Amino acid sequence: MRIFYWLVLSLLLAFQPANAQELKDRYQAECAITPADASTSYPGASRISNSNKLAQPTGKAVAAEGQQVYFYGRLFDENCVPLKDAEIELWQANPYGKYRYASMEELATPDPVFAGAGRTYTDNVGEFAFITLFPGGYGNHAPHVHLRISHPDIRTRTVTVFFAGDNRNDNDPTLKRIRPLLRDRVLAHIEPRADGNNTEPMQAHIDITVPGKQAYRQY
């Protein structure tokens, strides 16, 4: 939907300025700020591997056991401009609901291991992606991942992302703290697999908007 609006907006800017402004207003209304989560604890940069492949870190011939997830999305600033060159750090529980970060020694062996955390950077259109495993829930906490977003032009922000349609979301204490109208902003939407192919990774997508504006880039 965002890409569609972006293309249409470009045409309207060239040929119909009045209508373009109306469409811009509608587009920005959809680009509300993603709620932050101040309750989560950052594990520290030393525990986060320099890779976006948590399920099968570099050098591993076999992936760790669990449901693979291609977790991807786009990052926007408060003006709905794609935020490029932002650092995205992700950490999460493993499929058994435990937080555990692979050591350098474990990452250096050929044996399968789940990294537990990783990092990547947004490209020039604000896109990012991770290959991870579907996290296990624990207690009243529904499956989720944590993202820490850093960029020179914005204040570092941490968000917790859940998975739309999971029946455990209703009892999650973190989601309960978010106003109902804003909860959709922290839900990654699962995309149906082509032809019901269960051997391929699950795909989960989310768009994230952070407060602040990029220098030298505008709508």
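Me: Leaving aside residues up to four places away in sequence, which residues does Ser 150 touch?
Reply: The model shown here is a predicted one, and within it Ser 150 is found in strand β5, which covers residues 144-151. Once residues up to four places away in sequence are not counted, the residues that Ser 150 touches are Ala 86, Glu 87 and Thr 156.

Me: Where is Cys 80 found, and what is its relative accessible area?
Reply: Cys 80 is found in a loop, the one between β1 (68-76) and β2 (87-92). Although Cys 80 is not a glycine, it has a positive phi of about 65 degrees. Cys 80 is also buried, because its relative accessible area is under the 20% cut-off, with a value of 1%.

Me: What is the phi of Asp 85, which is not a glycine?
Reply: Asp 85 is found in the loop between β1 and β2. Despite not being a glycine, Asp 85 has a positive phi, and its value is about 60 degrees.

Me: In what order do the elements of the protein chain run from the N terminus on?
Reply: The protein chain has 4 helices and 8 strands. Read from the N terminus on, these elements follow the order α-α-β-β-α-β-β-β-β-α-β-β.

Me: Of the contacts between residues at least 6 apart in sequence, what percentage join residues at least 24 apart?
Reply: Turning to the chain as a whole, 46% of the 219 residues count as buried, while the chain exposes about 11900 Å², with carbon and sulfur atoms supplying 51% of that area. Among contacts between residues at least 6 apart in sequence, the share that joins residues at least 24 apart is 73%.

Me: What is the mean pLDDT of the protein chain, and over which residues is the pLDDT below 50?
Reply: The mean pLDDT of the protein chain is 87, and 82% of its residues reach 70 or more. Over residues 4-9 the pLDDT is below 50, and this stretch has 12 contacts in the model beyond near neighbours in sequence. Where pLDDT is low, the predicted coordinates should not be read in detail. A further stretch, with 6 contacts beyond near neighbours in sequence, also has pLDDT below 50, namely residues 11-18.

Definitions and conventions:
Residues numbered from 1 in each chain as written. Predicted model: local features only at pLDDT ≥ 70, side-chain atom pairs only at ≥ 80, totals over all residues. Heavy atoms only, no water. Helix = DSSP H or I, 4+ residues; strand = E, 2+ residues; numbered from the N terminus. Buried < 20%, exposed > 50% of the residue type's maximum accessible area, 1.4 Å probe, protein only. Contact = heavy atoms within 4.5 Å. Areas by Shrake-Rupley, 256 points an atom, 1.4 Å probe, with all protein chains shown as cover. pLDDT = per-residue confidence, 0-100.
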